[in-house]
Amino acid sequence: MSKKQIQKIGDLIRQDRASTQDLEEFHCWRGLYAEIMPLMASSLRSKLKRLRLKPLVFSRRLKRYSSIRSKLIRFPNMQLHHMQDIAGMRIVFAQMDALNQFVAEMKKTYRSSKNNFEFVRCSDYISHPKSDGYRSIHQIYKYIRGKHIQCHGLTLELQIRTKLQHLWATAVEVLGMGLNSKLKSGEGEEHYKEFFKLCGDLFALKELKNLEENQINHKKDLIAKLQTLDASHSILKYLSALSVSTRLEKRKKDYYFVIWLNLQTRYLKINGFPKEQYVEAQILYDALESKTSEENYDVVLISLDGFKQIQKAYPNYYLDCKSFIQTLEKEFEGD
């Protein structure tokens, strides 16, 4: 497909005028991004091994149709082929030191012209957090050479987070799912947004090794404000009450997983597929995505190195905020 054709389909998606054929072409184009993720994943594994870094989470996903459409609507001048996070990869480290070491190594490596991927840019939302409290590193890479000629020029986004940043982002998504509100896109009631903004600041202070007196006082102030908000709106109680019933098809050789959650019934189903059955996984994913506009579904296609990693990488689909809640409660208790 030409850039002009992709742009036209993007405009139709934004206007909710895309035909069945338009959507079929969109799914085929988006499927190309799935071809470059395993290439980057292989390179990242080698790099992690050489640096002797063991991430808590290493996951890959294609951006959901609903998220793509929402982004096109939020940014009216954005063209679909310029969206740089269609392919998304995420690495979560336990500590900030490991994150910083990995981020520096990635920038240095992929600025070389010898690699199939080229480093495009880095958005540092740790040094410069988003206004809602979100913190993470986002790096963009472009596939510029290699045997997948049809994929040349495609980009992917690598998100690099600490465990605390991942817990924060998960809690925001879970609350948004529970309330049927796009909280992470800026929607929702002010007390929820204020709660997570303060929580992001608190977690950032927890990442620091040695706090100065003014930071200690600021931390106490943050905790007091969070406790007041929680007492008034029972935010942690609401999060702890969320749960799902599940149906899991577990097989050792599965590599691709289609995760779909019915937000109305809170019923979660996961279908696994081995590497050689990507096409089948994509077909199921496309079919389920078509339901999201008709029913209250949330669906995603991911790839992981093992079934056991799913809940750790995507706890939001399990509506699981236990670690987030425990972390905050310890702060409230003064531990």
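The second largest pocket of this predicted model has a volume of about 380 Å³, and 17 residues line it, with Lys 3, His 81, His 152, Gly 153 and Leu 154 lying nearest its centre. Sorted by class, the lining of this pocket consists of eight nonpolar, seven polar and two charged residues.

Beyond that open space, the structure holds three cavities of 30 Å³ or more. The largest cavity has a volume of about 80 Å³, and its lining includes Ala 34, Met 37 and Pro 38, together with Tyr 255, Tyr 256 and Tyr 278. Two or more lining residues come from each of α3 (33-51), β1 (57-62) and β9 (297-303), and by class the lining of the largest cavity divides into nine nonpolar residues, one polar and two charged.

The second largest cavity contains about 60 Å³ of space, and among the residues that line it are Arg 135, Trp 168, Phe 203 and Glu 207. Here α6 (163-179) and α7 (190-207) each supply at least two lining residues, with α7 giving the largest share, four residues. Four nonpolar, three polar and two charged residues make up the lining of the second largest cavity.

Turning to the chain as a whole, its secondary structure comes to twelve helices and nine strands. The radius of gyration of the protein chain is 20 Å, close to the 20 Å that the globule rule gives for 335 residues, so the chain is as compact as a globular protein of that length. Of the 335 residues, 51% count as buried, while residues 24 or more positions apart account for 67% of the contacts with a separation of 6 or more. The accessible surface comes to about 17,000 Å², of which 48% belongs to carbon and sulfur atoms.

Conventions:
Residues are numbered from 1 along each chain as its sequence is written. This is a predicted model: local features need pLDDT of at least 70, side-chain atom pairs count only at pLDDT 80 or more; totals for chains, interfaces and linings use all residues. Side-chain values use heavy atoms; hydrogens and water are left out. On a 1 Å grid over the protein atoms alone, a cavity is a set of points where a 1.4 Å probe fits but cannot get out, and a pocket is an open set with protein on both sides within 12 Å along at least five of seven lines; lining residues have an atom within 4 Å of a point. Grid points are joined across faces, edges and corners, and a volume is the space filled by probe spheres set on the points. Ala, Val, Leu, Ile, Met, Phe, Trp, Tyr, Cys and Pro count as nonpolar, Asp, Glu, Lys and Arg as charged, and the others, Gly among them, as polar. The radius of gyration is taken over C-alpha atoms; the globule rule is 2.2 Å times the number of residues to the power 0.38. Buried means under 20% relative accessible area, exposed over 50%, partly exposed in between (1.4 Å probe, protein chains only). Contact means heavy atoms within 4.5 Å. Accessible areas come from the Shrake-Rupley method with a 1.4 Å probe; for residues, only the protein chains shown count as cover.
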